[in-house]
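Have the sequence and the 3D view ready.

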Amino acid sequence: MNGKPRDTEVHYGAHLTRKGHWLRSAISSGPAVLWLSVFLLVPLLAVGAISFFSRGAYGEIEMPLTLESYKRLLGFGLLGFDPLYPAILLRSLALGAGTALLCGLTALPLAFFIAHLRSRVKTLALTLVVIPFWTNLLIRTYAWQILLAPESWITRAFQFIGIGNIGEPLYPGLLAVAIGMVCDFLPFMVLPLYASVEKIDWTLAEAAMDLGANRVQVFRHALLPQIAPGLAAGIVLVFLPATGQFVIPDLLGGAKTVMLGNAIQQQFGQSRDWPFGSAIAFVALGLVMLGLTIYARRGAKEGPSIL
């Protein structure tokens, strides 16, 4: 048509053959695709392949190919059923869910508070929220060991309300892990929630109150649907990395409670059982992909606003 070859396509006003289109795509996107393939896709495929091999007597990877690593992760070993690793998996999921819940309960009033501040003060408040990211996670975790020491005011405050024994530190313990996890992942919940709170149409809340709704009903029916996209994004951003966290549980929990991240570290380190460690890592990756898939499907059903 118009004297142009049939295999010519128009892209952003330029007439390109399919070969020219592929060449332009290779030049523009090729380096990024190559980078992701070499440093992301190839290592993931290697981890997946190693998970099906066997562990040698001295920790080497050898044949035959087997599903023993995955069976062991599900609790089926040579000596029968052992709930150790299923318990680790469930414990990690519970830790991620608990962290997401606590972060949500803390971030919700904080996001509303920041959204109602003046512009200059609002910028300062958001800066204070992200300031923890300016310090290394390991340093922040060691700092919590000092803050939760027996003589600290935080420990004394908890002991005053009946949590903990006099003269004892709050760590190692579950409470110390919860505090560390919430403080580490709170910004991931606050920022998307704040972005949703900023866009709230308050006339809907006023209309609900005029129709006789109380505060709880106003929040549930007029405000919560509007902040649901930010809340869903925050839950994903907190739950997925919290499930695989191992630094905070290891340092603040006193290495008494093993999580998925600790199990992976142990298998690739002291135990030198790379096939089993790869199986744990691959299952953890599957959980992450499952969470992202559920989030994406929900976004597709409810519209682009949730994405």
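Rings of Phe, Tyr and Trp (for Trp, its six-membered ring) count as a pair if their centres lie within 6.5 Å; planes under 30 degrees apart are called stacked, over 60 edge-to-face, and the rest tilted. Before we use that, a bit of housekeeping. This is a predicted model, where local features need pLDDT of at least 70 and side-chain atom pairs count only at pLDDT 80 or more, while totals for chains, interfaces and linings use all residues. Residues are numbered from 1 along each chain as its sequence is written, and side-chain values use heavy atoms, with hydrogens and water left out.

**Rings**

The whole structure holds seven aromatic pairs. One of them joins F52 and Y70. F52 sits in the loop between α1 (18–50) and β3 (54–55), and Y70 in helix α2 (residues 68–73), so this pair ties together parts that are 18 residues apart in sequence. Helices here are DSSP runs (H or I) of at least four residues and strands (E) are runs of at least two, numbered from the N terminus.

Another pair is F185 with F188, and both belong to helix α7, three residues apart, or about one turn of the helix. Ring pairs also bring in F133, so that F133, F185 and F188 make up a cluster. Here are the two pairs next to each other:

| Pair | Centre to centre | Angle between planes | Kind |
|---|---|---|---|
| F52 and Y70 | 5.4 Å | 40° | tilted |
| F185 and F188 | 6.0 Å | 40° | tilted |

Y70 is buried at 18%, and F185 is buried at 4%. F52, at 34%, is partly exposed, and F188, at 31%, is partly exposed too.

**The core**

In soluble globular proteins, nonpolar side chains tend to be buried together. A nonpolar core is a set of buried Ala, Val, Leu, Ile, Met, Phe, Trp, Tyr and Cys residues joined through side-chain atoms within 4.5 Å. Which residues have the most contacts inside the largest core? They are C103, L148, M181 and V197, in a core of 38 residues. Helix α7 gives the largest share of this core, 12 residues. If we count a contact as heavy atoms within 4.5 Å, C103 touches V182, F185, L186, M189 and V238, leaving aside residues up to four places away in sequence. Apart from this core lies another one, of eight residues, among them L73, I88, F276 and A284.

**The pocket**

A pocket is found on a 1 Å grid over the protein atoms alone: an open set of points with protein on both sides within 12 Å along at least five of seven lines, and lining residues have an atom within 4 Å of a point. The largest pocket has a volume of about 290 Å³. It is lined by 17 residues, and V129, P132, C183, L186 and P187 are the closest to its centre. Helix α7 also gives the largest share of this lining, five residues.

L90 lies in helix α3 and counts as exposed, with 58% relative accessibility. S92 is in helix α3 as well, but at 0% relative accessibility S92 counts as buried. Leaving out residues up to four places away in sequence, S92 touches T243, M259 and L260. As for L90, its C-alpha is 9.7 Å from that of T243, although 153 residues separate L90 and T243 in sequence.

Methods
Buried means under 20% relative accessible area, exposed over 50%, partly exposed in between (1.4 Å probe, protein chains only). On a 1 Å grid over the protein atoms alone, a cavity is a set of points where a 1.4 Å probe fits but cannot get out, and a pocket is an open set with protein on both sides within 12 Å along at least five of seven lines; lining residues have an atom within 4 Å of a point. Grid points are joined across faces, edges and corners, and a volume is the space filled by probe spheres set on the points.
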